[in-house]
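Keep the 3D view open as you read.

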Amino acid sequence: MPVFTPTGQACGAVVTEIDLSNPLSDEESAALRAGLDEHHVLVFPEQSMTNDDLERFSTSFGDLGTDPWFVPIDGSDYIAEIRRDADETTPVFGEGWHSDWSFLDTPPVATCLYGLDIPPVGGDTLYANQHLAYERLPDDLKTRVDGLQAVHTTRGIYGKGGQHDPDNEREQGRSMNVVPDQDPFDGEHPLVRRHEGNGRPAFFSTLGYIQDIVGMDRTEARALLKEIHAHQIADEVVYRHRWEPDMCVVWDNRSVLHRATGGYEGHSRLLRRTTILPANAA
Ligand code: SIN
């Protein structure tokens, strides 16, 4: 059965005594789901996984989802590449704090990344524990955010004129297969949600994908979102993850924000990713 060793940081545990290249037993899968509810980020070092293994393992946490804004790799409908070539000069993909596709009506519960080509320096992924961020909030701010409904959108990131608009000068030469937004998508979710697995409240997503608060004037909403954002990414709630080749990481998008980091200019970086929907959501 898997053994969980907490990272000692704001979230995350290293998981050993498990081989992800083999089908997992129901007991092992249940232990991993419980571990994710508790630690929010699970790190599996020294795993040797094929694409089929990655897909099968991902279904321990829910149903495989497609990524409307990525072209999948050949031979899979569900696996996308997070890729950056050594000579690439485009901005690092996913460098802003976010919760994956939080603008969807049914957002992913989890995301899985498997490291293939890891640079010798830089390229860490940061995770911010949103249960902790909410719990540490001053009482008056808690009162102001409780019950608010946030408006999430693709527009600023994948929409026309957004970060990943292919006509954007900065996007020229990106090696990743990002698909521009054909049809901007707006969705609403509570700003603070109770996690279905662990019952704890957490902020869900942040500025970038969240553009507005229902019933609030935009200027006021942006000011409040900025104020909260500072608490959401405070050093005290962040786990810095250092990658190794053949390492697999799963995180809970309902519990953490994440962001990529650079610092590996002149080196390539390649990971394979699945996005995991709640089981039986369709
Ligand atoms: C992502 O946002 O999925 C990318 C994370 C990373 O490249 O570290």
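Predicted model: local features only at pLDDT ≥ 70, side-chain atom pairs only at ≥ 80, totals over all residues.

Strand 8, residues 149-153, pairs with strand 9 in the antiparallel sense over 5 bridges. The two belong to an open sheet of 3 strands, ordered 9-8-12, in which the pairing is antiparallel. Strand 9 (186-190) and strand 12 (210-213) are at the edges with a single partner strand each, so one side of each is left without a neighbour in the sheet. On average, neighbouring strands here are turned by 30 degrees against each other, direction ignored.

The protein chain has a mean pLDDT of 94, with 99% of its residues at 70 or more. Confidence is highest in strand 3 (residues 41-44), at a mean of 99, and lowest in helix 5 (residues 155-158), at 76.

**The chain as a whole**

In the protein chain you will find 6 helices and 16 strands. Its C-alpha atoms fill a box of roughly 50 × 45 × 40 Å along the principal axes. A compact globule of 282 residues would have a radius of gyration near 19 Å, and the 18 Å of this chain agrees with that. Of the 282 residues, 54% count as buried. The chain exposes about 12400 Å², with carbon and sulfur atoms supplying 47% of that area. Among contacts between residues at least 6 apart in sequence, 81% join residues at least 24 apart.

Another open sheet of 3 strands has the order 13-7-15, and its pairing is antiparallel. Strand 13 (238-241) and strand 15 (256-260) are its edge strands, each pairing on one side only. Neighbouring strands in this sheet are turned by 20 degrees against each other on average, direction ignored.

Tyr127 is a handy landmark, as it stands opposite Tyr239 in strand 13 and has His258 as its bridge partner in strand 15. Thr125, for its part, stands opposite His241 in strand 13.

**Strand 6 and its two partners**

Strand 6 (residues 110-117) is also largely enclosed by the rest of the structure, because 6 of its 8 residues are buried. Asp117 in this stretch stands opposite Leu270 in strand 16, and the bridge partner of Tyr114 is Cys248 in strand 14.

| Strand | Partner | Sense | Bridges |
|---|---|---|---|
| Strand 6 | Strand 16 (residues 269-277) | antiparallel | 7 bridges |
| Strand 6 | Strand 14 (residues 248-252) | antiparallel | 5 bridges |
| Strand 7 (residues 125-129) | Strand 13 | antiparallel | 4 bridges |
| Strand 7 | Strand 15 | antiparallel | 5 bridges |

Methods
Residues numbered from 1 in each chain as written. Heavy atoms only, no water. Pairing = 2+ DSSP bridges. Axes fitted to C-alpha atoms, helices over the stretch in contact; angles between N-to-C directions. pLDDT = per-residue confidence, 0-100. Rg over C-alpha atoms; globule rule 2.2 N^0.38 Å. Buried < 20%, exposed > 50% of the residue type's maximum accessible area, 1.4 Å probe, protein only. Contact = heavy atoms within 4.5 Å. Areas by Shrake-Rupley, 256 points an atom, 1.4 Å probe, with all protein chains shown as cover.
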